[in-house]
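Visitor: Could you take me on a close look at a single part of this model? I would like to see which residues build it and what kinds of contact hold there.

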Amino acid sequence: MNLQQYKDIFLNGLWKQNAGIVQLLGLCPLLAVSSTVVNGVSLGLATTLVMTLSSGSIAPIRSYVPNEIRIPVFILIIAVLVTVVQYLMNAYMYGLFVVLGIFIPLIVTNCIVLARVEAFASKNDALSSALDGFAMGLGLTAVLGVLGAMRELIGKGTLFSGIDLALGDSAKDLVLHVIPNYHGFLIAILPPGAFIGLGCIIAWKNWLSLRAAKKRKDVIAPAPIDGGCSPATH
Amino acid sequence: MWSSPFITTPTSVSQIMLRVLLALIPGIALYVWYFGPAILVSLTLASITALATEAIMLKLRNRPLKPFLSDNSALITGWLLALSIPALAPWWLIVVGTAFGIVIAKHLYGGLGNNVFNPAMIGYAVLIISFPAHMTHWISPNTLGGIGLSFVEQLNYTFNGVLPGGLKLDAVTMATPLDTLKTQLHLGLSVDVIRDMPIFGYLGGKGGEMVAIGFAVGGAYLLLTRVISWVIPATYLGTLFAIAAIFHLADPAHYVAPLFHWFSGAAMLGAFFIYTDPIGSPTTHRGQVIYAAGAALLTYLIRTFGGFPDGVAFAAVLMNICVPLIDAYSQPKVFGKKGDGK
Amino acid sequence: MKRIARSTLQTAVNLVFFAVIGTAILASTYFMTHDAIVKSEQAEKMKLITQIVPPTMFDNDIIHDTISIPADPLLNNDDTTLAYRARLKGEPSAVVLEAIAPDGYSGKIFLILAVHANGELAGVRVVTHKETPGLGDYIDIQKSPWIKNFDGKSRALYKDDDWKVKKDGGKFDYMAGATITPRAVVKAAHKALMYFDANRDKLFAENAAKTEETK
């Protein structure tokens, strides 16, 4: 493995194959907890931690696991790691643990975790697998953060509300009231806002990719990405 | 993607839309008569917003401005939305709703003819979910003898949020008859006791029932000039009547008479102006019957058992999304196609 | 045949091996974090209680000075709940009760209330509710200070007839457009005070088990 390959892995996870807006995996937590920046980024980081550890720990043992039972073993390892993260958050970040609620244990069922283990970690060495899990998780965290910022800003006119849950009561001053005396635009905070917001981010990413492709005049056109929002896919 | 067979050339679209606008006039006139001129302010705001957002979106999408702007479809969206929400409201309420309908529900889906949902009803849904408190303040009809606001006083509230003489919003507004019926039933009163309350008239709510008749008259004009077919209005009103009658006959103390459902809320507006929108409704008669009957059932269920005051808009949005499915299953068999199996 | 049996056994051993390692990791994390979890859960409960019972009002271990009270129609609860007792120098100063307002706009509203020993409300908080966002949710302290209206109110201050929203001729404010929600909360708070008046001595009684132990 040379440096260029590591760079490619990193770029893939963060942008080219972004879990949230290109692979469209792990949408359930993405839509459910992205109502604020803090919620989105916290769950994203928890998922990143689980993905790094699971990919990194499964890669070195992949040759010892018989093919027939590889899925149960992978799930077992992921579940153990998620539960460890859950205990740690319960103990040291109780407020956030209550806010994120069921979505922490549900990281186990987030298909992006198993997908990366299956697609990457079971075929590569430990270091690049850990990097892949980390980059993919970070990509998801970025989308969660951006979506959370959009929804929080439009919905409540603030940024970083609830940061005291993650960093302790002293962080309360970090909450930005971007728009003072804001009426609130509730739909952004409610589930429809998550769908509309994600649709816009995907559209933006597709637009950027298409434009880049046009500039390069690539012979190979980028595969159309199903955005789910446009009726043109009917 | 599908296109509607009703639309042939741009000129006929603009003529049809113009007739629809004309047909709304009797209802609007009665609205002004019973509730004061505030509705004219929100209709104006809606028209300006609709045309402005339509022009901006056309420009962004590199489409020619003139043929699309003059087809009047954006105006209909604005007017339908203005007629569906309280007239006495801060100016930004109707602006946000109309802009959302035109930008997101119409142009992001590909503009007129490609929109899955009725843009006005999406605007309504967004407003009632985002600003439920503002959506409950309906002007009391002036026949109730309450405090009537002058035009200037209404303008002052719309743009500055100030009511004259320290009046509270409660003094000039009320919950809709449908909403009142629901909350009073919730408190354990029976239908006939509630119907004796002063806000109710012969058919629906005082004032509101007359506006509904005005919309029905406009609808009749649309039927006569063949702008709309009779299938959707007849099926919608017939089904709504039938369901309401069944419940009413089974338990008159808890379920209000079918005529009340016809002349309250947006039922008449829906029957003639919303569900008949050719873009969001099925193409075949069979499909239209299924569509209108489903809309009536949903309207009744949401009104009677749901958490929202009226069900017309949500029924429209929910049935809009079923249209491709209805179309797929209600197409007549093509002659000579295999699979008839005789 | 033998080969199949052997490979099956190998697979099973393999799975068991990973299961054992996983269990070991989980068990050790559990023991390592257990104390911290209990501590942060108690701190959170304490935070909720001190919101409505100021810390100056008690010097006892309020989290462990509890009494279980059976379901009662005045509290509208279906199960036994715990009441926390605040005492200052051994004298009862307040009690924290759980109550349910069953007739919210969209279902039950769960409340906790703190009542001073003299029958005055120290504070009320909504724990969970399903009221319409933007309309009925102003009962939540996160959304508006409305719920603080109850601070210091008692049945001695307001006659039973005054425990209504202003629209119904009572003394409590409400926001236009949403009267069902505050109506339900006011009613529940009033009934909880009636429960307190009827059961005052029982609520502050020393734990029977505890007193016997000390004997």
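Predicted model: local features only at pLDDT ≥ 70, side-chain atom pairs only at ≥ 80, totals over all residues.

**Where chain A meets chain C**

Guide: Happy to. The side of chain A that touches chain C draws its largest share from helix H4 (residues 70-92) of chain A, which supplies twelve residues. Sorted by class, that side of chain A has 18 nonpolar residues, along with two polar and two charged ones.

Now for the extent of the contact. Chain A brings 22 residues to it and chain C brings 19 residues. Between them, chain A and chain C bury about 1,700 Å², and 79% of this lies on carbon and sulfur atoms. Three residues stand out on the chain A side: A:Val80, A:Tyr87 and A:Tyr94 provide 30% of the area that chain A buries against chain C, more than any other three residues.

While you are here, one charged residue in chain B also deserves a look. B:Glu209 sits in helix H11 (residues 208-224) of chain B. B:Glu209 is buried and yet has no salt bridge; B:Arg195, the nearest side chain of opposite charge, is 6.5 Å away. A polar atom of the B:Glu209 side chain does lie 3.1 Å from the backbone nitrogen of B:Tyr202. Beyond its neighbours within four places in sequence, B:Glu209 is in contact with B:Gly201, B:Tyr202, B:Leu203, B:Gly204 and B:Phe263.

Notes
Residues numbered from 1 in each chain as written. Chains lettered and ligands numbered in written order. Heavy atoms only, no water. Helix = DSSP H or I, 4+ residues; strand = E, 2+ residues; numbered from the N terminus. Buried < 20%, exposed > 50% of the residue type's maximum accessible area, 1.4 Å probe, protein only. Lys, Arg positive; Asp, Glu negative; His and termini not counted. Salt bridge = Lys/Arg side-chain N within 4 Å of Asp/Glu carboxyl O. Polar contact = N/O pair within 3.5 Å; in protein donor to acceptor, adjacent residues only side chain to side chain. Contact = heavy atoms within 4.5 Å. Buried area = accessible area lost by both parts, 1.4 Å probe. Nonpolar A, V, L, I, M, F, W, Y, C, P; charged D, E, K, R; others polar.
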